[in-house]
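Let's take a walk through this one, stopping at the covalent link, the charged pairs, a pocket and a helix. Keep the viewer open as you read.

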Amino acid sequence: MRRIALAATIITTLISSETSAAWFARLDSAGKLVVTGVATNPDATSTAIYLTCNGNRLDIEVLTVMNAKPDELTYFEGTKILFGYKVKGRQKELGVDAEPVVSAGGALSIRANLTPEQSAAIADSIGRGYRLDVAVVHPELGDDKGFKAVMSEGFTTATLAMAEGCPGLGI
C-alpha cells in the first residue's frame, strides 16, 4: 500500500510540475526511493546526483565526468564530497568522506553515506527550494573541479517523494 501511495505521489507531482525540472524521484529495483538531481558542472555540461533513502538517512552518489575500471578505483581513494546548502536561510557547508564506485557504462561515481542529521539538513534545504551545490575533491579528479549546482526546479517533487518514501527524515 505504501508503495502505491508513493508511486501516486511521484506521478501526481510530475504531472503537476513544470516540464523542465532539476529534481526527479523514482523507486529503484529494491523499492528504495531515489531522488535524482540534474546538476550543472562549472563548464555548463550536465551530470547527476543521486540521493537514495536508507531509513532515516540518505546515501549520495555523485556522477563524475570520468570513466574507471574496478581495478582503478584505488587511485580515487580518499575522495571527499562537499555540499553547499541552506538551513533557515543561512549558507552552510559540509564535507564528508566518500568512496569511488564504477557506475553503469563504466562511469566513475563517488558515493557517501550521510548521517541522519546531515540527511535531514540536506532534505530540509531541498524542501525549502534552495539550490544544492556539490563538489568532489581529489587530486586525480582534476577534470571534475568546482561545484555542481542542482537548481531548485522540481523541488516539490523531491520533497513530497522524500516525505512519503523516507519518513525517517522527518520532512
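How many disulfides does a search of the whole structure find? The search turns up one. Bear in mind as we go that this is a predicted model.

The disulfide in question connects cysteine 53 and cysteine 166, with an S to S distance of 1.8 Å. Its two ends are distant parts of the chain: cysteine 53 belongs to strand S3, while cysteine 166 sits in the segment after helix H3 (155-165), 113 residues apart. Look along the S-S bond and you'll find 120° about it, which makes the link right-handed. Are the two cysteines buried or exposed? Cysteine 53 has 8% relative accessibility, so it counts as buried. Cysteine 166, at 1%, counts as buried too.

Now for the charged pairs. Six salt bridges come out of a search of the whole structure, and three of them are worth a visit here. Start with arginine 57 and aspartate 59, whose closest N and O atoms are 2.3 Å apart. Arginine 57 counts as partly exposed because its relative accessibility is 21%; the cut-off for buried is under 20%. Aspartate 59 falls under that cut-off at 13%, so aspartate 59 counts as buried.

Next, find arginine 111 and glutamate 61, whose side chains form a salt bridge at 2.8 Å, N to O. Arginine 111 lies in strand S8 and glutamate 61 in strand S4, so this pair ties together parts that are 50 residues apart in sequence. Glutamate 61 is buried, with a relative accessible area of 15%, whereas arginine 111 counts as partly exposed at 32%.

Aspartate 97 is exposed, with a relative accessible area of 57%, and lysine 80 is partly exposed, with 36%.

Go back to arginine 111 and glutamate 61 for a moment, since they also show up in the next feature. Where is the empty space? Rolling a probe the size of a water molecule over the atoms shows where empty space is left. The largest pocket holds about 280 Å³ of space. Its lining has 13 residues, and those closest to its centre are Arg26, Tyr50, Thr52, Glu61 and Arg111. Strands S3 (46-54), S4 (57-67) and S8 (107-113) each supply at least two lining residues, with S4 giving the largest share, four residues. By class, the lining is made up of five nonpolar, three polar and five charged residues.

Finally, turn to helix H2, residues 116-127. Helix H2 has 12 residues and spans 16 Å from first C-alpha to last, close to the 16 Å expected at 1.5 Å a residue. Which of its residues are buried? They are Gln118, Ser119, Ala121, Ile122, Ala123, Ser125 and Ile126. When you look at that list, remember that an α-helix has 3.6 residues a turn, so residues three or four places apart point the same way. After H2 comes glycine 129, with a positive phi near 85°.

How values were computed:
Residues are numbered from 1 along each chain as its sequence is written. This is a predicted model: local features need pLDDT of at least 70, side-chain atom pairs count only at pLDDT 80 or more; totals for chains, interfaces and linings use all residues. Side-chain values use heavy atoms; hydrogens and water are left out. On a 1 Å grid over the protein atoms alone, a cavity is a set of points where a 1.4 Å probe fits but cannot get out, and a pocket is an open set with protein on both sides within 12 Å along at least five of seven lines; lining residues have an atom within 4 Å of a point. Grid points are joined across faces, edges and corners, and a volume is the space filled by probe spheres set on the points. Ala, Val, Leu, Ile, Met, Phe, Trp, Tyr, Cys and Pro count as nonpolar, Asp, Glu, Lys and Arg as charged, and the others, Gly among them, as polar. The expected span of a helix is 1.5 Å times one less than its number of residues. Buried means under 20% relative accessible area, exposed over 50%, partly exposed in between (1.4 Å probe, protein chains only). A salt bridge is a side-chain nitrogen of Lys or Arg within 4 Å of a carboxyl oxygen of Asp or Glu. A disulfide is a pair of cysteine sulfur atoms within 2.5 Å.
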